[in-house]
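Open the model in your viewer and keep the selection panel handy. We'll go from one stop to the next, picking residues and looking at what sits around them.

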Amino acid sequence: MKLAAFGAGALGAVRDGHIVALQPDSDPAGPPPTMASVIEAGPVGLWRAEALARASQYRFDLSGVRLRAPLDRPGKIIAAPVNYSRHMSEMSETLDINDLGVFLKANSSVCGPGDVIRLPYADRRFDQEGELGVVIGRQARGIAEADALDAVFGYTCLLDITMRGGEDRSLRKSFDTFTPIGPWIVTADEVGNPDSLALTCSVSGRVRQEGNTRSLIWPVAKLVAYTSSVMTLYPGDVIATGTPEGVGPLADGDSIELTIEKIGTLSVRVSAAGATACPTAGAGRGPVPPPPR
Ligand code: MN
């Protein structure tokens with residue numbers, strides 16, 4: 001099932017270019033279920049969402065609705081720093097996820113399909129990182145790798161927008177709008193194996209990244225299991241699995257398209273309107289990104 005947030009707080013199921021709104025069966029005028037309420041209800045929530053989709057009288061052409069971030073403020077966003085070896089090479093990094101573990105991005109950095117990434121500083125480099133996003137489906141602490149995918153609700157496209165430099169990772173990746181997700185969440189049953197998904201990311205019409213999650217250093221199950229050994233995972237938490245090679249600088253007016261097999265395409269735009277001078281002095285430090293191509 002593909003679950004999308006759209007309009008002013010509506011939730012819908014996407015199929016064949018259409019979206020059907022999920023309305024409460026008992027009270028059509030009442031508040032619709034939310035993505036968070038569906039995820040938190042576990043298998044019953046999904047079963048009910050499917051029943052509501054089948055019964056729905058509210059069907060729209062996808063091109064006629066405004067999609068929103070499928071989760072507008074996840075409980076937390078955990079991210080993998082260097083989880084593809086070719087990305088490690090292009091950054092001249094000597095450390096990968098085995099050395100670094102994971103880090104956090106602010107949940108206020110989320111935006112959605114069609115939204116605008118706002119670059120805050122005119123004198124710093126900002127890159128796109130196209131990644132598979134994992135949405136957690138149930139509370140999990142210390143889960144075994146063999147059971148870790150059972151804790152996954154679904155998957156989405158995720159852009160980990162990053163300021164290059166020597167400041168702390170969590171700062172460089174936590175500016176408002178720096179975590180676009182969407183265009184919807186595809187449930188885990190529909191995706192199957194998350195470690196074999198083609199990923200393509202284009203900026204202003206030129207392909208920059210062509211990867212596959214089979215090249216993840218830590219596959220999804222290991223990443224979820226490890227993360228749950230550090231912190232309790234809750235329904236709706238999001239894990240950014242890391243980016244393949246092909247990161248590059250963003251500029252005012254760019255558009256970004258991230259396509260992941262079995263999921264869909266997330267499109268956003270980039271603006272540098274109102275950008276100021278950066279108050280922190282990390283520009284000359286930190287991992288060295290590849291030159292613009
Ligand atoms: Mn990343």
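Select Val203 and look across to Arg206 in E16, which stands opposite. Before going further, keep in mind that this is a predicted model, where local features need pLDDT of at least 70, side-chain atom pairs count only at pLDDT 80 or more, and totals for chains, interfaces and linings use all residues. Residues are numbered from 1 along each chain as its sequence is written, and side-chain values use heavy atoms, with hydrogens and water left out.

Now widen the selection to strand E15, residues 198-203, which is antiparallel to E16 and joined to it by six bridges. Two strands count as paired if DSSP finds at least two bridges between them. Another pair to click on is Cys201 with its bridge partner in E16, Gln209. The two strands make a hairpin with two residues between them, and Ser204 in the turn has a positive phi of about 50°.

**Across the open sheet**

Which strand does E15 join through five bridges? That is E18 (residues 255-260), and the two run antiparallel. Select Leu199 here and you'll find its bridge partner in E18, Ile260.

Zoom out to see the open sheet of five strands, in the order E9-E19-E18-E15-E16 with mixed pairing. Strands E9 (116-118) and E16 (206-212) are at the edges with a single partner strand each, so one side of each has no neighbour in the sheet. From one strand to the next, the twist averages 20°, taken between N-to-C directions on a scale of 0 to 180 degrees, with axes as lines fitted to C-alpha atoms.

**The manganese ion**

Pick the manganese ion next. Glu129 (OE), Glu131 (OE) and Asp160 (OD) coordinate the ion at 2.0 to 2.1 Å. Along the chain, these donors have the spacing E-x1-E-x28-D. Glu131 belongs to strand E11 (residues 130-136) and Asp160 to the loop between E12 and strand E13 (162-163), so this pair ties together parts that are 29 residues apart in sequence. A donor is an N, O or S atom within 2.8 Å of the metal (3.2 Å for Na, K and Ca); water is not among the atoms, so sites may look incomplete.

Are these two residues buried or exposed? Glu131 counts as buried at 1% relative accessibility, and so does Asp160, at 1%. The cut-offs are under 20% relative accessible area for buried and over 50% for exposed, with partly exposed in between (1.4 Å probe, protein chains only).

**Along E12**

Select E12: eight of its eight residues are buried, so the strand is largely enclosed by the rest of the structure. E12 pairs with E11 in the antiparallel sense over seven bridges, and Gly133 stands opposite Thr156 in E12. E14 also runs antiparallel to E12, joined by four bridges; look for Leu158 opposite Ile181 in E14.

**Last stop: helix H2**

Colour H2 by burial. Gly45, Leu46, Ala49, Leu52 and Ala53 are its buried residues. They span an arc of only 125° around the axis, which puts them on the same side of H2; the arc is that of the directions from the helix axis to the C-beta atoms. On the other side, Pro43, Val44, Trp47, Arg54 and Ala55 are exposed.
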